[in-house]
Each structure stands twice: as C-alpha cells, then as structure tokens.
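Open the model in a viewer and keep the sequence panel in view. The stops below are given in the order in which to select them.

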Amino acid sequence: LALEQLGPTFVKFGQALSSRPDIIPPNLAHALSSLCDDMTPCFDTATAKSILRHELLLPTTTDNDNDNNKDGESILETLSDEPVAAA
C-alpha cells in the first residue's frame, strides 16, 4: 500500500482507520487491515537494538563500571530476535 511508503505515521493512521468500517467503505477497511497483519519489518533486530542504544544514550561498547550501561544492555538482551510487530 502507498501508506507503507509514506512512513510509520501514515501506517498507524491506516491501521486505526482499518478498524473503523463505520466511517470508511468496508472494502477500504479490509485493504487497510493488511497494515495490521502483513507488514514486513523495515530493518533487522540488530539495527533496532542499535537505534535503541543511541536513543538511550548507551555506549556502543560495554563499560563494566557503569551501572546505567548494565541496566540498558540488560533491557536490550530481553528483546526477542524475532519481530512481534512491524509498525
């Protein structure tokens, strides 16, 4: 769908609309429902963890003397390598 090419905000909007066949035509709601179920991840798990490290201000290498780094890395270790959802 074109919404996928426009980015995550439009995908979320399409997902929300897909659950409202009372305000959009049912065939459009059905087409938009693929945004809820059939999305292909835009990047792999390693990239996602790298983004999270950057956003959480974690160093790229492990600093054993920093408790905040240990906490952040322990959170990242709990993430599944298989995506649960893509949008």
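The tour goes from a nonpolar core to one helix, then to a lysine and the salt bridges.

This is a predicted model, in which local features need pLDDT of at least 70 and side-chain atom pairs count only at pLDDT 80 or more, while totals for chains, interfaces and linings use all residues. Residues are numbered from 1 along each chain as its sequence is written, and side-chain values use heavy atoms, with hydrogens and water left out.

**Stop 1: the core.** Select V11, L17, I24, A29, L32, L35 and M39, the seven residues of the largest nonpolar core. Such a core is a set of buried Ala, Val, Leu, Ile, Met, Phe, Trp, Tyr and Cys residues joined through side-chain atoms within 4.5 Å. Buried means under 20% relative accessible area, exposed over 50%, and partly exposed in between (1.4 Å probe, protein chains only). Two or more core residues come from each of α2 (8–18) and α3 (26–32); helices are DSSP runs (H or I, at least four residues), numbered from the N terminus. Now pick L32: leaving out residues up to four places away in sequence, L32 touches L1, L3, G14, L17, S18 and I24, a contact being heavy atoms within 4.5 Å.

**Stop 2: helix α2.** Which residues of α2 are buried? They are V11, G14, Q15, L17 and S18. These lie on the same side of α2 because they cover an arc of only 165 degrees around the axis, taken from the directions from the helix axis to the C-beta atoms. Their cover includes α1 (2–6), α3 and α4 (34–37). Turn to the face away from the buried side to find the exposed residues T9 and F13.

**Stop 3: K49.** Go to helix α5 (residues 45–55), where K49 is placed. K49 is buried, at 16% relative accessible area. Show its surroundings: beyond residues up to four places away in sequence, K49 touches L76, L79 and D81. A polar atom of the K49 side chain lies 3.5 Å from the backbone oxygen of L76.

**Stop 4: salt bridges.** The count is three, each a side-chain nitrogen of Lys or Arg within 4 Å of a carboxyl oxygen of Asp or Glu.

- K49 and D81 meet at 3.8 Å, N to O. They are 32 residues apart, with D81 in the segment after α6 (67–77). D81 is exposed at 55%.
- R53 and E73 meet at 2.9 Å, N to O. This pair links helix α5 to helix α6, 20 residues apart. R53 is partly exposed at 21%, and E73 is buried at 13%.
- D22 and R20 have their closest N and O atoms 2.6 Å apart. D22 is exposed at 57%, and R20 is partly exposed at 36%.

How values were computed: A polar contact is a pair of N or O atoms within 3.5 Å; within protein, one must be able to donate a hydrogen and the other to accept it, and residues adjacent in sequence count only if both atoms are side-chain atoms.
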